[in-house]
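Here are my notes on this model. Please read them with the structure open beside you.

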Amino acid sequence: MSEPTSFLRRYVFSTDHKVIGKQYLFTGLFFLLVAGLFAILIRWQIAHPFQPMPVLGHLLSSDSHGVVIPTEYSKLFTMHGSLMVFFAVTPILIGAFGNFIIPLQIGARDMSFPVLNMLSYWVYALGSVAVLSVFFVSGGAASAGWTAYAPLSSSVKITPGFGQTIWIVAIAFSGTSTLLGAINYIATILNERCPGMDLMRMPLTTWGFFYTSILNLLWVPLIAAALFMLVLDRTVGTSFFTAGPLAPRGGGQPLLYQHLFWGFGHPEVYILILPIWGLLGDLLATFSRKPAFGYRATVISMGVIVAVSQVVWGHHMYTAGMNPILGKTFMFLTVSISMPTAIFFFNWLATIWGGAIQLKTPMLFALGVVFVFALGGLTGLFNAVQALDVYIHDTTFVVGHFHYTLAASVFFGMLAGIYFWFPKMFGRALDERLGKVHFAISFLALNGVFAPMMVMGVGGALRRLADPSHYELLRKFSTWNQVAWWSAFALLGGQLVFAYNFVRTLASRPTNVQNPWNATTLEWATSSPPPHENFPAIPVVCRGPYEYSSPAVADRDFIAQNEPALEGASA
Amino acid sequence: MTTTVLDPPHAHATATGIPNLKLGMWLFLASEVMFFTGLVGSYVVLRLGSREWPDPSSILGLNVLAFNTFVLITSSVTMALGLQAARENDRTRLVRFLGATAALGLTFLAIKLLDYRHLVHEGFTPVSSLFGSCYFMLTGFHGLHVLGGVTALTVLALKNRRGAAAIDATPIEACGLYWHFVDLVWIVLFAILCLV
Amino acid sequence: MTGAVSTPTTFAAWLKTGAARKYLGIFGWLIVLTAAEVGATQLGLGKRTLAAILILTALIKASLVALYFMHLRHEVRLVLGVIVIPILIASVFVLGLFPDIVIAARAALR
């Protein structure tokens, strides 16, 4: 496997998973910033209805004069959600981390299909161009929500313009990229493990990517089918999802779209969180200097969740007018999914308990995940119960719930991963002090943005409203909305600290420390950054991934996974 | 007599024992199962939930569709025979069977396009009714998959024309899996879309 | 039998050898079943009976292709799992659509 020499082959059309991972990382971070700025605009509008927004207001369409008018608001929350899910989080977590880490952690030289890997990135890149183009076409950006329910999205009479149509195509591009990646990851994890790397010796991070890829493999095609039918409805004039007067020659059913969308949409949210659950296992063990507690139970629980998450999609549709039988069925299944979640959550706590905890920045973010995921997960239970959900559906309580699990847990998990693997990827470590400042601001600010949403939601504050203060009932929340606004502003400031740290470190001289965290897994058994072929020789593994504080060795508190078997010790 | 050809020298042993290309193709087919579930499943429930649904035989030319089914099934046989030839390291037979499979696939597509033209001419279009939308959507996506398969078969036939070394049967097998799957989808569509 | 050139046989003779013969046998069954399907539509059966027959024949044909052409009959468990589990999941999903898109819709139409 000779290393390429030309600039194009090394950095643009590379088939090296490490380069592709970095490509995903930078593109994804760009979209994280763009979608984040949209969120700032949203929070401004809610806190200061129809007042022109300084600075960012100039990004809005020229005839709005910096004011977030209702049509602009619909575009903002639509693009914020879809950019975050499909163009920021998925590429960073699954595209960047998955690509960079999987072959290293299993002791392989690259993915099973390196050329397909490269194609996956460029399909995503094309989708990125497409999704950004919606801002410049007639009618502006898509505005039917990230869910794009029919007939709002399927009828050009209701939502005219090219933006909505191009958006559908862009999401399909992103999905194709993810699907090709899923095939690659599953084949790689099954086929390319080094000698001794049994499935039950894989680090939990790799398990997270394995499970995520299974869900991606199965459910991305379903949203692809739904999106194709949607775009046919929009362009050709079929009526799969329209009925009644909108479909004079015989129509389909709008509810079918919701079923198809959430059939994908629910597994999708687990797709986004599974890599976090995985990497939390690695990080908590590493920074507690203790093996991950209940490794087997965690692996099995995550597997059970993968299975059950595929049959709970209807809990997003409790108020859509579903057949009552479905409501009860979905409720039962949704509530029961909290059990395996609790198992590995307590395993996290047991991992930390009694450990020699090192409060380095990755660990701070990991602990942050534990906290916010507890809140996010628990609030999920309220949404799961149909009788309660009828009251809180489409309020900001739901928004709070999924932001605690997504914007908070996934976001913190992503940052934990970035701080943790940055030294491996770039040969230099991010500054610890700036990292701690970044964490402190982000942690306080995130809670400041989303905790009020829970309170307001129970009080009746509806989501997707450009101006809730229009309703007298909701005017009492103006103080909470101010809290959310200033917290959002502070959150942005905290990310600027991170951006400064990121750029400054990249510009600094590399230190090339191979294993700055004294971690056990295989990616730390090679240089930082790794050579083109990953390892000088394929590692041989003879123990599990978390041999921390082992009594078998007296002089150090970890045994690397690829170290030769100790005399007299059992694997 | 079953003969197996070893992986080419540069291929390495995989932890599962299944070659990457073959495992990758099965994984891709799993995703295709879900993709066609979205399309076919939607058709099934939309039809069952409709007040009325035209009798397909009153609109579609069943004889043409039955002939096309025969064409595609035959192409699956030629594909299977092509894989057998590859395993026996018989280049001539392999390329002939790959070519035959591709030709049959193209025949299927040509007949389908002519059939489309006839149907549209008769007023049966993707927008003339829900049945029309479903029919063109399902057979259209299937046809695109056939086209993809024909492309792959052509590439494989050209690649395997010459060579002194042993034939690598794994790409042939992987292509065959895809082709049989496309045939399988048509078998289902023919029964539940065109006949019933 | 790496690199061995097969002993020159006529095409017809080759078709009668083990593997080729099996494929041709399956081909025969597929054609017979297809003809039966077309024939069943001409029998003037009720919609439900016809649908049941056609679904059955389609399943048999699909199984023949999967088991013999795609060699699933002799495949390892991993591959079987990769293809069978999604089929099961897909079936559950479509069944999950029935209460809303079929049953409730029909009730509304009555």
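1. Confidence in chain C. This is a predicted model. Chain C has a mean pLDDT of 89. In that chain, 93% of the residues reach 70 or more.

2. Take care with residues 1–5 of chain C, where the pLDDT is below 50. That stretch has 8 contacts in the model beyond near neighbours in sequence.

3. Overall scores. The ipTM is 0.95, and the pTM is 0.95.

4. Where chain A meets chain C. Here 12 residues of chain A are in contact with 11 residues of chain C. Which helices of chain A each supply at least two residues of the side that touches chain C? They are helix 7 (254–288) and helix 9 (324–336). Helix 7 of chain A gives the most, with 4 residues. By class, this side of chain A has 7 nonpolar and 5 polar residues. It has no charged residues.

5. A helix pair in chain B. Look at helix 3 (residues 62–87) and helix 6 (residues 169–195) of chain B. Their axes come within 9 Å and cross at roughly 160°. An angle over 145 degrees counts as roughly antiparallel. Helix 3 and helix 6 of chain B are therefore roughly antiparallel to each other. Their crossing is left-handed.

6. What lines that contact. Between helix 3 and helix 6 of chain B, the contact has 14 nonpolar residues. Another 6 are polar, and 3 are charged.

Key. Residues are numbered from 1 along each chain as its sequence is written. Chains are lettered from A and ligands numbered from 1 in the order in which they are written. This is a predicted model: local features need pLDDT of at least 70, side-chain atom pairs count only at pLDDT 80 or more; totals for chains, interfaces and linings use all residues. Two residues are in contact if their C-beta atoms, placed from the backbone, lie within 7 Å. Ala, Val, Leu, Ile, Met, Phe, Trp, Tyr, Cys and Pro count as nonpolar, Asp, Glu, Lys and Arg as charged, and the others, Gly among them, as polar. pLDDT is the predictor's confidence in each residue, from 0 to 100. Axes are lines fitted to C-alpha atoms, for helices over the stretch in contact, and angles run from 0 to 180 degrees between N-to-C directions. Angles under 35 degrees count as roughly parallel, over 145 as roughly antiparallel, 65 to 115 as roughly perpendicular and the rest as oblique. A crossing is left-handed if the near helix is turned anticlockwise from the far one by less than a right angle, and right-handed if clockwise.
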